[in-house]
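Here are my notes on the model, as numbered points. Have a look at the structure first, then read on.

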Amino acid sequence: MRFCTLLAFIGLIFITPAASGQAVTHFTNYTNDDGVPQSTVWSIGQDKNGFIWAGTADGICRFDGYTFHTYKTAAKDSNAINSDRSCSFYTDHAGNLWVASFKGLSRYNADADNFTNCLAYQPVNEAVHVNRIYGEDSSFIWAGMAHYGLVKINKATHKVYCIKKAGDEDFSTCPEWDNGFVAGNNVWFCCGGSIMVYNSKTGSLQKISLGFYARAVANLNDTVLMAQSRTKSFFINKRTCAFASKSCNLASDSVEVYSIFINGPEQAILATTKGVYYLNTATATITGYLQNFGNENKKAFALAVCIYKDRSGNVWIGTDGTGLAKIAFQFKKFKLYASPGAASNMVKSIYADSATLYTGYFNNGMDIFNRARGFIKNVSVAAMPHSTGNNVYGIAPNTGQSLLLYTSGPNLLCLYNTATSRLEELYRPLANAIPGYKTKNNKYCFFTRTRGSRVFISFNEYLLSTSMPFEKNTVPQIVGKFNGLLVGAWWEGRKGRLWIGTNNGLYYGEANNWQKIKLPEDIQVITINQDDAGNMWAGTVHGIYVIDARDSIIQHYTVATGLLNEVVYGILKDNDGNMWFSTNKGIGVYWRAQKKFRYFTKDDGLQGNEFNTGAYFKAADGELFFGGINGTNSFYPQDILDNPYTPPVQVTGIKVFDDPYNAGIPSWQVHNIILPYTNNTLAFEFAMPEFTNTLKNQYACMMEGVDKGWLYLGSKNTERYAGLAPGHYTFKIKAANNDGVWATQLTTISITIVPPYWQRTWFRVLYIILAVCLVVVIANYLQKRKYKQRLAALELQQKIQLERERISRDLHDNVGTQLSLISKNIEDVLHPLKNITEEERIRKVKSAGQRSSEVISTLRETIWALNKEQITLEEFADQLKTFTHKQLEHYDNINVAFNEHPGNCSVIVQPAEVLNLFRICQETIANTVKYAEATQLIITIAATEGKYCIIITDNGKGFNPALVNRNRHYGLQNIQHRTAEIGGAVEITSSPGAGTTTTICKK
């Protein structure tokens, strides 16, 4: 951004000679290079957020102090302004910004950063076309629309009404609606060169002709409005429409007034074709004239179109050709005294009485100013007979009508008669006082007058004094000689002690009894003063030393301890005890009450940042004067106020991963941001719309949840936060204006970075619930498993017990019975109860042997079944085959056949079940052999869906199952009992002569 800050006296033309002694005018100039769409600015406004608006010949723009944002028309966007040319702005009492553009009326929606077009029309003549908004009454916004009419907009409904005619005036044909205003029920405006007043209640119109083409009127006060021509100021009674005029000649014969801005009870600012005029409305006199709104090295086109004053008091000027100019409001009333048009304004000495200021220059003599009205004249000392230059290094009052001047040349001193303006060169006063005097340059010259009539004079290593009045033959007395040193400063302490500053340190005493203050270094002392506590302040080239009544250094102020610059040229104490001092970087003050420093620079209205040795003075009324390289600044300390205006900070941009954040609303309306955890880098841009000196606005921000405290950014107006962890944050911004006054109102944005679903509360709650459920399920499972294990153990024990019982029963029923028969046969053989034959004995022995074999076979079958954990149906079938063939080996008349299913190998049968099944089949086959008289035995073993089925069929004689006495046939009972134990079912089908079929199936 290009800033051209100008002094009011550089490149400006002042109409009256009283131009000096005014506040320094600083321009900041904004052109197309800075972002203004075009260099012709027709209107200026300010919206409710504090942003400045400018309407140009090529678009309207909004300015936040850093960036211009341009708005253009767009045919396909209903929320774009209907025209971006020749716009006029008005902000109503509700804060709405209205725009009268080239093709209609629009209202800016600050909450959406777009426009609502209330009126759109096509102008008749695009070459001559000026629309204007005049203001508002209780119900309507009033505007003049070229080739359309006088328009009013209902503030509640935004409905537009057009007044085409009033009286004899046809408003629909008016091509240019110039400046005006609304007061009560009357709309005052300039149209067609005349001043008109339209009464909104009665609909009546009155035309006022002033005898010149009127383009601008202004509401001066409750009863009077004013208009301005080149030669006259017109004051019109708003009730009677009668007017009076006062002569007021502007600078140019061809000047035309475009607009009038009332800047105070007695000041109007005129925007004209030849620049800006400051007009005293009470006297109709021009007090100032500003012509150059561009670079100070360039003669700029000075057509001023409009003037606007923002909420801080800054004056904005719209020009035709040089863009937008801003004159900063002077919260600090520094006045500037400088020689008009002089080649040098380097001030070396200052003296002021109650009415007049005298400033001595290097190479420009002495200027005389009226302290109230400004520059009077310049006095040259170069024409004196023995002068070696036009330099005035010291000024001191001599008598009521003369001043003592310290100049350059062999005689050095001269008298100036203030009544006659006569200069009188004094004949060798210092040469007569100093032994071996030689003319040479006196580097550090000064006059200093005591509280009485005594004046001290420096000359290189000598300090001299004399009583006033100083006359032609006066010879000063030597007060002290500081061998080889240069005397540059003097001060008389409260008890009459004299303090001397040299280029090698600080001394105190009188006559030739001088004591040196032990400073940490041999250093040049430039200025000396004393504070209210009696401490001496010594300004040096290395800061300020403060020495107490015991001659001890109690403070050394440097850059490290509060100074902005360590070269201190002059120190003055104000009436409140605050210590003011000039440096190479402006003027500083030490506030006694707050015990802190404050600094003022060129940006605050000073002649420049660099000041000069010896150029400082305090007037009797408390006004302080400091001289520098561009003139003299004066001020009353109580008038140096801080800028109190601190509007809220506006967020002007938000970026997510350096891409604009699209919230659907303007950045300054964003108060809540919700982003996924993948978009966790945010950058903010912000501005405080306080335009006095935006480069000196300061910012601080804090991201609660990240920052431990405020981050003070200085003038930086951006901040970026990368990699925010999921969670909630609050971003806070505050700002201070150019004077360091911090706003109390914070701007805050609530930010939520949404965590991934596995980190969200609902997921964590669900996770905990699931975990608890899982623990419960596992615990329940383990408990059930333990219970089942215990139950299985009990069942196993029960099964073992049952198996034991069954085996015992088996052994008892089968093995035991067989062993009993074996034992009986053996007993009968060995101890017969009666004589038996040998044949009988052999038969019994054979029977015992046969039964022993059967016992052994039964035991083997039992051991075979119990030794296996699992037995397939195929293995069972093989075992049954072996048994059957062995049983039938002595029965050649019985043929046996086995039918097996291929899937038998996959069917598993438990050992206990196999043993029972084997016994059932044994019993069935044995019955066939014993009783059926069969010749054919068919055994079928098959499996269906994992369940077995065994069918034993013979072709024996059969029987009638209904006639079987089950109580006597224990074999059938045993078969049914065993089948029930294995969870199966048995079915015996038989009939006499048809054989028998026994079917055993697993349920």
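1. A definition before anything else: two strands count as paired if DSSP finds at least two bridges between them. Helices (H or I, at least four residues) and strands (E, at least two) are DSSP runs, numbered from the N terminus. This is a predicted model, with local features needing pLDDT of at least 70 and side-chain atom pairs counting only at pLDDT 80 or more, while totals for chains, interfaces and linings use all residues. Residues are numbered from 1 along each chain as its sequence is written, and side-chain values use heavy atoms, with hydrogens and water left out.

2. I'd start with β8 and β9. Strand β8 (residues 97-101) runs antiparallel to β9, and five bridges join the two. Trp 98 sits opposite Arg 107 in β9. The pair makes a hairpin, with two residues between β8 and β9.

3. On its other pairing, β9 runs antiparallel to strand β10 (residues 114-120) over six bridges. Here Asn 109 has Asn 114 in β10 as its bridge partner. This is a hairpin too, with four residues between β9 and β10, and Asp 113 in the turn has a positive phi of about 55°.

4. How many residues of β9 are buried? Six of the six in β9 (residues 104-109) are, so the strand is largely enclosed by the rest of the structure. "Buried" is under 20% relative accessible area, "exposed" is over 50%, and "partly exposed" lies in between (1.4 Å probe, protein chains only). Both faces of β9 are covered: one side has Gly 104, Ser 106 and Tyr 108, the other Leu 105, Arg 107 and Asn 109.

5. Next, an open sheet of four strands, ordered β2-β31-β30-β29 with antiparallel pairing. The edges are β2 (27-30) and β29 (304-309); each has a single partner strand, so one side of each is left without a neighbour in the sheet. The twist averages 20° from one strand to the next (axes are lines fitted to C-alpha atoms, for helices over the stretch in contact, and angles run from 0 to 180 degrees between N-to-C directions). β29 is joined to strand β30 (residues 315-319) by five bridges, antiparallel again, and Tyr 308 has Trp 316 in β30 as its bridge partner.

6. There is also an open four-stranded sheet in the order β37-β38-β39-β40, paired antiparallel. Its edge strands, β37 (392-399) and β40 (422-425), each pair on one side only. Neighbouring strands in this sheet are turned by 25° against each other on average, direction ignored. Six bridges link β37 with strand β38 (residues 402-407) in the antiparallel sense, and Leu 404 in β38 is the bridge partner of Ala 396.

7. Phe 482 is worth a click. This residue is in the loop between β44 (477-481) and β45 (487-492). Is Phe 482 buried or exposed? Phe 482 is buried, with a relative accessible area of 5%. Its C-alpha lies 8.8 Å from that of Asn 460, 22 residues apart along the chain.

8. Last, helix α5 (residues 911-932). Its 22 residues reach 30 Å from first C-alpha to last, close to the 32 Å expected at 1.5 Å a residue; the expected span is 1.5 Å times one less than the number of residues. The helix is mostly covered, with 17 of the 22 residues of α5 buried. Glu 933 follows α5 and has a positive phi, near 55°.
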